[in-house]
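The following note sets out numbered comments for a colleague who has the sequence and the model at hand. The comments begin with one chain and then turn to its partner and to the contact between the two.

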Amino acid sequence: MSELLTLDEVDRDGAIRETMAAIGDDSRAGFLKRSMLATGGIVGGGALLAAIASPAQAATANDVSILNFALTLEYLEAEFYTEAVAMGALSGEVLAFARIVGAHERAHVAFLKKALGTAAVPKPSFNFRGTTENQAKFKATAQVLEDTGVKAYAGQAPLIDSNAVLAAALSVHSIEARHASWIRHINGAAPAPVAFDQPATKARILAAVAGTQFITGTPAMTASGGSPAFTG
Amino acid sequence: MAVLEPADARLQPSSRARVVARLGTRTPEGTTNVVLVLTRVERGGQLWIEARLPVLPNNTTGWIKRESLGGYNAVNTHLVVSTKRFTATLYRFGKPIFTARVGVGQSRWPTPTGRFYVRNKLTRYSSPTYGPLAFGTSARSAVLTDWPAGGFVGIHGTNAPGLIPGRISHGCIRLRNGDILRLAQLMLPGTPLTIV
(Lines give C-alpha, C1' and ligand atoms only; values in the text may rest on other atoms or scores of the structure.)
Protein backbone atom coordinates (compact mmCIF):
# COMPACT_ATOMS: atom_id res chain seq x y z
CA MET A 1 0.00 0.00 0.00
CA SER A 2 1.44 3.42 -0.92
CA GLU A 3 1.69 6.12 1.68
CA LEU A 4 -1.04 8.07 -0.18
CA LEU A 5 -4.32 6.24 0.43
CA THR A 6 -6.76 5.79 -2.43
CA LEU A 7 -10.54 5.96 -2.13
CA ASP A 8 -10.69 2.24 -2.91
CA GLU A 9 -8.47 1.49 0.06
CA VAL A 10 -10.43 3.72 2.45
CA ASP A 11 -14.00 3.13 1.23
CA ARG A 12 -13.93 -0.69 1.30
CA ASP A 13 -17.68 -0.97 2.05
CA GLY A 14 -18.75 1.84 -0.31
CA ALA A 15 -20.23 3.95 2.45
CA ILE A 16 -18.32 7.06 1.39
CA ARG A 17 -19.35 6.76 -2.25
CA GLU A 18 -22.96 6.23 -1.18
CA THR A 19 -22.86 9.41 0.91
CA MET A 20 -21.32 11.45 -1.89
CA ALA A 21 -24.02 10.29 -4.30
CA ALA A 22 -26.74 11.27 -1.83
CA ILE A 23 -25.31 14.80 -1.51
CA GLY A 24 -25.72 15.35 -5.22
CA ASP A 25 -24.02 18.05 -7.27
CA ASP A 26 -20.93 18.85 -5.29
CA SER A 27 -18.90 20.02 -8.23
CA ARG A 28 -16.64 23.01 -7.67
CA ALA A 29 -18.53 25.14 -10.16
CA GLY A 30 -21.83 24.45 -8.48
CA PHE A 31 -20.43 25.15 -5.03
CA LEU A 32 -18.83 28.42 -6.08
CA LYS A 33 -21.99 29.56 -7.81
CA ARG A 34 -23.99 28.98 -4.65
CA SER A 35 -21.31 30.61 -2.53
CA MET A 36 -21.15 33.78 -4.62
CA LEU A 37 -24.82 34.30 -3.89
CA ALA A 38 -24.46 33.45 -0.21
CA THR A 39 -25.11 36.10 2.41
CA GLY A 40 -22.16 34.92 4.45
CA GLY A 41 -24.17 33.02 7.04
CA ILE A 42 -22.96 29.66 8.27
CA VAL A 43 -25.22 26.61 7.99
CA GLY A 44 -24.80 23.43 9.95
CA GLY A 45 -22.77 22.27 12.93
CA GLY A 46 -25.11 23.93 15.41
CA ALA A 47 -25.63 20.94 17.63
CA LEU A 48 -21.92 20.30 18.16
CA LEU A 49 -21.15 23.94 18.74
CA ALA A 50 -24.07 24.28 21.14
CA ALA A 51 -22.43 21.62 23.33
CA ILE A 52 -19.66 24.07 24.11
CA ALA A 53 -21.61 27.30 23.90
CA SER A 54 -21.76 27.63 27.66
CA PRO A 55 -18.69 29.09 29.37
CA ALA A 56 -19.05 26.38 32.03
CA GLN A 57 -17.88 23.88 29.45
CA ALA A 58 -14.45 25.52 29.26
CA ALA A 59 -13.97 25.47 33.03
CA THR A 60 -10.31 24.47 33.38
CA ALA A 61 -7.70 27.20 33.26
CA ASN A 62 -5.81 25.09 30.76
CA ASP A 63 -8.75 24.92 28.37
CA VAL A 64 -9.43 28.64 28.77
CA SER A 65 -5.83 29.34 27.82
CA ILE A 66 -6.04 27.08 24.79
CA LEU A 67 -9.33 28.57 23.65
CA ASN A 68 -7.96 32.08 24.01
CA PHE A 69 -4.93 31.09 21.95
CA ALA A 70 -7.32 29.82 19.29
CA LEU A 71 -9.41 32.98 19.57
CA THR A 72 -6.37 35.19 18.93
CA LEU A 73 -5.59 33.26 15.76
CA GLU A 74 -9.22 33.38 14.67
CA TYR A 75 -9.36 37.15 15.31
CA LEU A 76 -6.35 37.51 13.02
CA GLU A 77 -7.78 35.36 10.26
CA ALA A 78 -11.25 36.89 10.46
CA GLU A 79 -9.88 40.42 10.25
CA PHE A 80 -7.52 39.45 7.41
CA TYR A 81 -10.32 38.12 5.24
CA THR A 82 -12.79 40.84 6.17
CA GLU A 83 -10.29 43.53 5.27
CA ALA A 84 -9.23 41.77 2.08
CA VAL A 85 -12.80 41.64 0.79
CA ALA A 86 -13.32 45.30 1.74
CA MET A 87 -10.14 46.44 -0.04
CA GLY A 88 -11.56 45.35 -3.41
CA ALA A 89 -8.32 43.94 -4.83
CA LEU A 90 -9.59 40.36 -5.15
CA SER A 91 -11.53 38.79 -7.97
CA GLY A 92 -12.94 35.50 -9.23
CA GLU A 93 -12.35 32.39 -7.16
CA VAL A 94 -9.95 34.26 -4.86
CA LEU A 95 -12.72 36.67 -3.91
CA ALA A 96 -15.16 33.80 -3.40
CA PHE A 97 -12.59 32.06 -1.22
CA ALA A 98 -12.08 35.19 0.88
CA ARG A 99 -15.81 35.74 1.35
CA ILE A 100 -16.57 32.16 2.34
CA VAL A 101 -13.54 31.61 4.52
CA GLY A 102 -13.99 35.03 6.11
CA ALA A 103 -17.52 34.09 7.09
CA HIS A 104 -16.22 30.85 8.59
CA GLU A 105 -13.54 32.64 10.59
CA ARG A 106 -16.00 35.22 11.89
CA ALA A 107 -18.22 32.34 12.98
CA HIS A 108 -15.24 30.78 14.76
CA VAL A 109 -14.60 34.09 16.56
CA ALA A 110 -18.22 34.35 17.64
CA PHE A 111 -18.27 30.77 18.85
CA LEU A 112 -15.04 31.06 20.86
CA LYS A 113 -16.09 34.37 22.41
CA LYS A 114 -19.38 32.83 23.49
CA ALA A 115 -17.63 29.79 24.94
CA LEU A 116 -15.14 31.95 26.86
CA GLY A 117 -17.57 34.60 28.03
CA THR A 118 -15.82 37.26 30.14
CA ALA A 119 -12.61 35.26 29.94
CA ALA A 120 -12.26 35.98 26.21
CA VAL A 121 -9.20 38.02 25.26
CA PRO A 122 -10.00 41.30 23.50
CA LYS A 123 -9.48 41.67 19.80
CA PRO A 124 -6.02 43.03 19.00
CA SER A 125 -5.22 45.74 16.49
CA PHE A 126 -3.87 44.63 13.15
CA ASN A 127 -1.75 45.97 10.35
CA PHE A 128 -1.69 43.58 7.43
CA ARG A 129 0.99 45.64 5.71
CA GLY A 130 -0.51 45.58 2.26
CA THR A 131 -1.22 41.83 2.10
CA THR A 132 -4.96 42.48 1.92
CA GLU A 133 -4.53 45.03 -0.85
CA ASN A 134 -2.85 42.98 -3.56
CA GLN A 135 -4.22 39.67 -4.84
CA ALA A 136 -0.85 37.94 -5.20
CA LYS A 137 0.21 38.92 -1.68
CA PHE A 138 -3.18 37.92 -0.33
CA LYS A 139 -2.99 34.45 -1.86
CA ALA A 140 0.47 33.77 -0.48
CA THR A 141 -0.43 35.08 2.96
CA ALA A 142 -3.70 33.18 3.12
CA GLN A 143 -1.87 29.91 2.44
CA VAL A 144 0.58 30.63 5.24
CA LEU A 145 -2.18 31.60 7.66
CA GLU A 146 -4.30 28.53 6.95
CA ASP A 147 -1.37 26.11 7.14
CA THR A 148 -0.40 27.76 10.42
CA GLY A 149 -3.92 27.42 11.79
CA VAL A 150 -3.99 23.71 10.96
CA LYS A 151 -0.69 23.13 12.76
CA ALA A 152 -1.82 25.22 15.74
CA TYR A 153 -5.03 23.27 16.34
CA ALA A 154 -3.18 19.97 15.88
CA GLY A 155 -0.61 21.08 18.43
CA GLN A 156 -3.18 22.04 21.06
CA ALA A 157 -5.72 19.23 20.66
CA PRO A 158 -3.79 16.65 22.72
CA LEU A 159 -3.52 19.14 25.57
CA ILE A 160 -7.23 19.87 25.96
CA ASP A 161 -8.86 18.66 29.20
CA SER A 162 -12.55 18.65 28.29
CA ASN A 163 -13.96 16.24 25.72
CA ALA A 164 -16.56 18.85 24.72
CA VAL A 165 -13.83 21.42 24.05
CA LEU A 166 -11.82 18.82 22.16
CA ALA A 167 -14.76 17.90 19.96
CA ALA A 168 -15.40 21.54 19.14
CA ALA A 169 -11.72 22.17 18.43
CA LEU A 170 -11.63 19.23 16.05
CA SER A 171 -14.70 20.54 14.24
CA VAL A 172 -12.86 23.82 13.63
CA HIS A 173 -9.58 22.11 12.81
CA SER A 174 -11.05 20.17 9.93
CA ILE A 175 -12.52 23.35 8.47
CA GLU A 176 -9.16 25.11 8.69
CA ALA A 177 -7.68 22.13 6.86
CA ARG A 178 -10.28 22.53 4.11
CA HIS A 179 -9.38 26.22 3.87
CA ALA A 180 -5.71 25.29 3.58
CA SER A 181 -6.39 22.78 0.82
CA TRP A 182 -8.57 25.23 -1.08
CA ILE A 183 -6.06 28.08 -1.10
CA ARG A 184 -3.30 25.65 -1.94
CA HIS A 185 -5.29 24.52 -4.95
CA ILE A 186 -5.88 28.17 -5.96
CA ASN A 187 -2.16 28.80 -5.66
CA GLY A 188 -1.27 25.75 -7.75
CA ALA A 189 0.27 24.02 -4.77
CA ALA A 190 -0.48 20.43 -3.75
CA PRO A 191 -3.66 20.55 -1.62
CA ALA A 192 -2.51 17.66 0.54
CA PRO A 193 1.24 17.38 0.08
CA VAL A 194 1.91 14.82 2.82
CA ALA A 195 0.07 11.94 4.47
CA PHE A 196 0.71 13.18 8.01
CA ASP A 197 0.69 16.80 9.17
CA GLN A 198 3.16 17.92 11.79
CA PRO A 199 1.61 19.81 14.72
CA ALA A 200 3.29 22.93 16.04
CA THR A 201 3.70 24.09 19.60
CA LYS A 202 2.07 27.26 20.86
CA ALA A 203 5.48 28.89 21.18
CA ARG A 204 6.33 28.12 17.58
CA ILE A 205 2.99 29.42 16.33
CA LEU A 206 3.27 32.61 18.35
CA ALA A 207 6.78 33.17 17.03
CA ALA A 208 5.52 32.72 13.48
CA VAL A 209 2.66 35.16 14.07
CA ALA A 210 5.03 37.66 15.68
CA GLY A 211 7.23 37.37 12.62
CA THR A 212 4.43 38.63 10.39
CA GLN A 213 4.12 41.80 12.53
CA PHE A 214 0.40 41.70 11.78
CA ILE A 215 -0.63 42.13 15.42
CA THR A 216 0.17 45.65 16.56
CA GLY A 217 -0.34 47.93 19.49
CA THR A 218 -3.45 50.07 19.48
CA PRO A 219 -2.78 53.63 18.33
CA ALA A 220 -2.85 55.98 21.32
CA MET A 221 -5.56 58.42 20.38
CA THR A 222 -6.46 59.64 23.84
CA ALA A 223 -4.37 61.61 26.29
CA SER A 224 -4.82 62.86 29.83
CA GLY A 225 -3.33 65.67 31.80
CA GLY A 226 -1.59 68.84 30.74
CA SER A 227 -3.64 71.52 29.01
CA PRO A 228 -4.98 71.55 25.46
CA ALA A 229 -3.19 73.90 23.09
CA PHE A 230 -6.13 74.39 20.72
CA THR A 231 -7.07 77.88 19.68
CA GLY A 232 -9.96 77.90 22.12
CA MET B 1 -4.26 55.11 9.82
CA ALA B 2 -1.40 55.76 12.20
CA VAL B 3 1.80 57.29 10.91
CA LEU B 4 4.41 54.70 11.91
CA GLU B 5 7.54 56.59 10.90
CA PRO B 6 8.34 60.11 9.72
CA ALA B 7 6.93 60.20 6.22
CA ASP B 8 6.60 62.47 3.22
CA ALA B 9 3.18 63.14 1.78
CA ARG B 10 3.47 63.88 -1.94
CA LEU B 11 1.40 65.64 -4.53
CA GLN B 12 1.17 62.48 -6.66
CA PRO B 13 1.72 58.76 -5.93
CA SER B 14 5.33 58.89 -7.01
CA SER B 15 8.66 59.18 -5.22
CA ARG B 16 9.53 61.93 -7.69
CA ALA B 17 6.46 64.04 -6.89
CA ARG B 18 6.69 67.23 -4.84
CA VAL B 19 6.47 66.84 -1.08
CA VAL B 20 3.41 68.67 0.26
CA ALA B 21 3.97 67.84 3.92
CA ARG B 22 6.27 65.96 6.22
CA LEU B 23 4.43 63.92 8.82
CA GLY B 24 5.65 63.00 12.27
CA THR B 25 4.45 60.12 14.38
CA ARG B 26 2.95 62.14 17.25
CA THR B 27 0.52 65.04 17.60
CA PRO B 28 1.35 68.08 19.76
CA GLU B 29 -0.75 66.43 22.48
CA GLY B 30 1.46 63.34 22.38
CA THR B 31 -1.08 61.02 20.82
CA THR B 32 -0.44 58.87 17.76
CA ASN B 33 -0.52 60.96 14.60
CA VAL B 34 -3.22 59.59 12.29
CA VAL B 35 -4.38 60.44 8.80
CA LEU B 36 -7.75 59.92 7.15
CA VAL B 37 -7.57 57.57 4.18
CA LEU B 38 -9.26 58.70 0.99
CA THR B 39 -8.11 56.17 -1.57
CA ARG B 40 -5.33 53.72 -2.54
CA VAL B 41 -3.42 53.07 -5.69
CA GLU B 42 -0.61 50.74 -6.75
CA ARG B 43 2.12 52.07 -8.99
CA GLY B 44 4.97 49.86 -10.13
CA GLY B 45 4.45 47.47 -7.23
CA GLN B 46 4.33 50.29 -4.65
CA LEU B 47 1.11 50.88 -2.72
CA TRP B 48 0.26 54.54 -2.08
CA ILE B 49 -2.39 55.92 0.24
CA GLU B 50 -4.05 59.25 -0.46
CA ALA B 51 -4.91 60.86 2.85
CA ARG B 52 -6.33 64.01 4.33
CA LEU B 53 -3.54 65.84 6.15
CA PRO B 54 -3.42 67.96 9.33
CA VAL B 55 -1.51 70.77 7.64
CA LEU B 56 -2.00 74.24 6.22
CA PRO B 57 -3.49 75.14 3.89
CA ASN B 58 -6.59 73.41 5.21
CA ASN B 59 -8.09 70.63 3.07
CA THR B 60 -4.63 69.54 1.89
CA THR B 61 -4.33 65.92 0.81
CA GLY B 62 -1.25 63.93 -0.14
CA TRP B 63 0.06 60.51 -1.11
CA ILE B 64 1.98 58.44 1.44
CA LYS B 65 3.76 55.12 0.97
CA ARG B 66 1.72 52.29 2.47
CA GLU B 67 4.59 50.95 4.57
CA SER B 68 4.82 54.24 6.49
CA LEU B 69 1.31 53.76 7.82
CA GLY B 70 -0.32 51.33 10.22
CA GLY B 71 -3.47 49.25 10.00
CA TYR B 72 -6.86 50.36 8.78
CA ASN B 73 -9.49 51.33 11.34
CA ALA B 74 -12.97 51.80 9.98
CA VAL B 75 -15.36 54.35 11.45
CA ASN B 76 -19.08 54.65 10.76
CA THR B 77 -19.64 58.14 12.14
CA HIS B 78 -19.38 61.58 10.56
CA LEU B 79 -19.60 64.92 12.37
CA VAL B 80 -21.01 67.92 10.53
CA VAL B 81 -20.68 71.39 12.02
CA SER B 82 -22.58 74.35 10.60
CA THR B 83 -20.97 77.71 11.31
CA LYS B 84 -24.14 79.37 9.99
CA ARG B 85 -26.72 77.47 12.02
CA PHE B 86 -24.38 76.95 15.00
CA THR B 87 -25.06 73.23 15.14
CA ALA B 88 -23.04 70.06 15.42
CA THR B 89 -24.68 66.88 14.15
CA LEU B 90 -23.20 63.41 14.41
CA TYR B 91 -24.26 60.82 11.85
CA ARG B 92 -23.83 57.08 12.17
CA PHE B 93 -24.26 55.11 8.94
CA GLY B 94 -25.77 58.29 7.53
CA LYS B 95 -28.43 58.69 10.20
CA PRO B 96 -28.30 61.59 12.72
CA ILE B 97 -27.79 60.35 16.27
CA PHE B 98 -26.72 63.54 18.04
CA THR B 99 -27.17 67.24 17.63
CA ALA B 100 -26.24 70.22 19.76
CA ARG B 101 -25.86 73.97 19.54
CA VAL B 102 -22.31 75.24 19.26
CA GLY B 103 -20.18 78.33 19.46
CA VAL B 104 -17.76 78.92 16.59
CA GLY B 105 -15.01 81.37 15.74
CA GLN B 106 -15.44 85.11 15.83
CA SER B 107 -15.30 86.80 12.44
CA ARG B 108 -11.67 87.83 13.01
CA TRP B 109 -10.77 84.24 14.01
CA PRO B 110 -13.10 82.20 11.85
CA THR B 111 -13.52 78.47 12.26
CA PRO B 112 -12.13 77.07 8.99
CA THR B 113 -14.57 75.33 6.64
CA GLY B 114 -13.92 72.18 4.66
CA ARG B 115 -13.22 68.50 5.24
CA PHE B 116 -11.21 67.37 8.23
CA TYR B 117 -11.17 64.60 10.81
CA VAL B 118 -11.04 64.11 14.56
CA ARG B 119 -7.48 63.28 15.61
CA ASN B 120 -7.63 62.58 19.32
CA LYS B 121 -9.53 62.92 22.59
CA LEU B 122 -8.16 64.72 25.64
CA THR B 123 -9.40 64.30 29.22
CA ARG B 124 -8.47 65.23 32.79
CA TYR B 125 -6.56 68.34 31.86
CA SER B 126 -6.14 71.40 34.02
CA SER B 127 -7.88 74.13 32.02
CA PRO B 128 -11.62 74.75 32.71
CA THR B 129 -11.78 76.92 29.58
CA TYR B 130 -11.99 73.72 27.54
CA GLY B 131 -14.62 72.06 29.72
CA PRO B 132 -14.37 68.42 30.84
CA LEU B 133 -13.25 66.94 27.53
CA ALA B 134 -11.82 67.99 24.19
CA PHE B 135 -11.37 66.50 20.74
CA GLY B 136 -8.47 67.57 18.58
CA THR B 137 -9.09 67.95 14.89
CA SER B 138 -6.97 68.23 11.77
CA ALA B 139 -8.41 71.71 11.09
CA ARG B 140 -6.13 74.65 11.70
CA SER B 141 -6.72 78.34 12.07
CA ALA B 142 -5.77 80.14 8.87
CA VAL B 143 -5.19 83.39 10.77
CA LEU B 144 -3.67 82.31 14.10
CA THR B 145 -0.75 80.73 12.31
CA ASP B 146 1.70 81.48 15.11
CA TRP B 147 -0.51 79.93 17.80
CA PRO B 148 1.45 77.48 19.98
CA ALA B 149 1.41 73.90 18.71
CA GLY B 150 0.18 74.97 15.28
CA GLY B 151 -3.19 76.60 15.85
CA PHE B 152 -5.24 73.41 15.73
CA VAL B 153 -9.00 73.72 16.10
CA GLY B 154 -10.57 71.69 18.88
CA ILE B 155 -14.09 70.60 19.73
CA HIS B 156 -14.52 71.07 23.45
CA GLY B 157 -16.64 72.09 26.41
CA THR B 158 -16.65 75.50 28.02
CA ASN B 159 -16.82 77.46 31.24
CA ALA B 160 -19.04 80.06 29.53
CA PRO B 161 -22.07 78.08 28.32
CA GLY B 162 -24.26 81.17 28.21
CA LEU B 163 -22.43 82.38 25.11
CA ILE B 164 -23.59 79.37 23.05
CA PRO B 165 -24.78 79.60 20.30
CA GLY B 166 -22.76 82.33 18.65
CA ARG B 167 -19.47 83.47 17.16
CA ILE B 168 -17.51 83.41 20.35
CA SER B 169 -14.20 81.58 20.01
CA HIS B 170 -10.73 81.81 18.53
CA GLY B 171 -11.76 79.19 15.98
CA CYS B 172 -12.61 76.21 18.17
CA ILE B 173 -16.03 74.60 18.20
CA ARG B 174 -17.47 74.90 21.68
CA LEU B 175 -20.25 72.77 23.12
CA ARG B 176 -21.96 72.98 26.47
CA ASN B 177 -20.34 70.52 28.84
CA GLY B 178 -23.28 68.13 28.96
CA ASP B 179 -23.29 68.00 25.16
CA ILE B 180 -19.55 67.34 24.81
CA LEU B 181 -19.85 64.50 27.29
CA ARG B 182 -22.77 63.04 25.32
CA LEU B 183 -20.80 63.40 22.09
CA ALA B 184 -17.86 61.57 23.65
CA GLN B 185 -20.09 58.54 24.24
CA LEU B 186 -20.86 58.38 20.52
CA MET B 187 -17.82 59.59 18.60
CA LEU B 188 -14.35 58.12 18.31
CA PRO B 189 -11.16 59.74 17.09
CA GLY B 190 -10.77 59.11 13.39
CA THR B 191 -14.29 60.35 12.64
CA PRO B 192 -14.49 62.51 9.51
CA LEU B 193 -15.46 66.11 10.21
CA THR B 194 -17.12 68.48 7.77
CA ILE B 195 -17.37 72.15 8.66
CA VAL B 196 -19.69 74.24 6.53
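1. Contacts within chain A. Among the contacts in chain A that link residues at least 6 apart in sequence, 84% join residues at least 24 apart. Please bear in mind that this is a predicted model.

2. Make-up of chain A. Nine helices and three strands are assigned to chain A. Their order along the sequence is α-α-α-α-α-α-β-α-α-α-β-β. Chain A has 232 residues, of which 38% count as buried.

3. A:Glu83 is buried but has no salt bridge. The nearest side chain of opposite charge is that of B:Arg66, 5.0 Å away; a salt bridge is defined by a nitrogen-to-oxygen distance within 4 Å. Apart from neighbours within four places in sequence, A:Glu83 is in contact with A:Phe128, A:Thr132 and B:Tyr72.

4. A hairpin in chain B. Strands β3 (residues 36-43) and β4 (residues 46-52) of chain B pair in the antiparallel sense, with seven bridges. Within this pairing, B:Leu36 has B:Arg52 of β4(B) as its bridge partner. Two residues lie between β3(B) and β4(B) in the hairpin, and B:Gly44 in the turn has a positive phi of about 55°.

5. Extent of the interface. Chain B and chain A bury about 2,600 Å² between them, and carbon and sulfur atoms give 54% of that area. B:Arg40, B:Tyr72 and B:Tyr130 supply 19% of the area that chain B buries against chain A, more than any other three residues. The contact takes 46 residues from chain B and 23 residues from chain A.

6. How many salt bridges are counted between chain B and chain A? The count is two. A:Glu133 forms a salt bridge with B:Arg40, and the closest N and O atoms of this pair are 2.9 Å apart. Across the interface of chain B and chain A, 23 residue pairs are in polar contact.

7. Elements on the chain B side. The elements of chain B that give two or more residues to the side touching chain A are β3, β4, β9 (114-123), β10 (133-140) and β11 (152-156). The largest share of that side, five residues, comes from β9(B).

How values were computed: Residues numbered from 1 in each chain as written. Chains lettered and ligands numbered in written order. Predicted model: local features only at pLDDT ≥ 70, side-chain atom pairs only at ≥ 80, totals over all residues. Heavy atoms only, no water. Buried < 20%, exposed > 50% of the residue type's maximum accessible area, 1.4 Å probe, protein only. Lys, Arg positive; Asp, Glu negative; His and termini not counted. Contact = heavy atoms within 4.5 Å. Pairing = 2+ DSSP bridges. Helix = DSSP H or I, 4+ residues; strand = E, 2+ residues; numbered from the N terminus. Buried area = accessible area lost by both parts, 1.4 Å probe. Polar contact = N/O pair within 3.5 Å; in protein donor to acceptor, adjacent residues only side chain to side chain.
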